[in-house]
Amino acid sequence: MAKYRLCGGLAIMPEHDMAMLADMSARGWHLTGFSCGILYRFEAGEPHAYDYAVDFQRDFPAEARELYRIAGWECVAQGSAWQIVRAEAGTVPLYTDDDAQEATIAASRAGLGWAALVCALAAALLFALQARLSAQGNELGSWASLAACVVFAAGFVFSFFPFVGYTRTLRKIHAEQEEDLRR
């Protein structure tokens, strides 16, 4: 039997989602993956105290998986630019210094920023093309341009919001680093 919960947005509020995943495991529902790209999928099991973490690496080779395994972490869900890992509660966190976490998030943020920019420009150009084709009476071309515009607009949304989330996370890391320097 499976249970599903909506993903709150790994890039926007990862702490919230990781706490929810730990709570679900404590109640006997363990993360096994994603469905439809936005739903966490859980399988029933014995209640267990796990810590969950998200790692934003675009490339997650076998060597990285092995390092995580040695440190006590196992990958339980993976996307194109992120992995959700879990370990026994109290295991040493994935990132013990902010610099490594900052570098990983900054690299993901840069890629998403470029993707959002390209998608926004493509959507704007296709929208202008659609208007021109419509004015010329080219119905088929107009509809095709509009459909492509919608696809690129969706690409913009799905890259811009994580970009904003990563930006917020980086600002939080910088604020914590500045606070540590003041002490």
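**Ground rules.** I'm working with a predicted model, where local features need pLDDT of at least 70, side-chain atom pairs count only at pLDDT 80 or more, and totals for chains, interfaces and linings use all residues. Residues are numbered from 1 along each chain as its sequence is written, and side-chain values use heavy atoms, with hydrogens and water left out.

**Helix α1.** I started with α1, residues 14–26. Helices here are DSSP runs of H or I with at least four residues, strands are runs of E with at least two, and both are numbered from the N terminus. The expected span is 1.5 Å times one less than the number of residues. For the 13 residues of α1 that gives 18 Å, and the end C-alpha atoms are 18 Å apart, so the two agree.

Next I looked up which α1 residues are buried (under 20% relative accessible area; exposed is over 50%, partly exposed in between; 1.4 Å probe, protein chains only). They are Pro 14, Asp 17, Met 18, Met 20, Leu 21, Met 24 and Ser 25. Down the helix axis they fall within an arc of 160 degrees, so they line one face of α1; the arc is taken from the directions from the axis to the C-beta atoms. These buried residues pack against β1 (2–6), β2 (29–35), β3 (39–44), β4 (50–55) and β6 (83–88). Contact means heavy atoms within 4.5 Å.

I also checked Asp 23, which sits in α1. Asp 23 counts as partly exposed because its relative accessibility is 38%. Just past the helix, Gly 28 has a positive phi of about 95 degrees.

**Helix α4.** The 44 residues of α4 should span 64 Å, and I find 63 Å between the end C-alpha atoms, which agrees. Its buried residues include Cys 149, Tyr 166, Leu 170 and Ile 173.

Beyond its neighbours within four places in sequence, Gly 165 touches Ala 11 and Ile 12. Gly 165 and Leu 10 are 155 residues apart along the chain, yet their C-alpha atoms are separated by 8.3 Å.

**Gly 111.** This one is in helix α3, residues 98–135. At 30% relative accessibility, Gly 111 comes out as partly exposed.

**Largest pocket.** I noted a volume of about 560 Å³. A pocket is an open set of points on a 1 Å grid over the protein atoms alone, where a 1.4 Å probe fits, with protein on both sides within 12 Å along at least five of seven lines; lining residues have an atom within 4 Å of a point. Points are joined across faces, edges and corners, and the volume is the space filled by probe spheres set on them.

I get 19 lining residues, with Gly 9, Leu 10, Trp 82, Phe 158 and Pro 162 nearest the centre. Helix α4 (residues 139–182) supplies the largest share, five residues.
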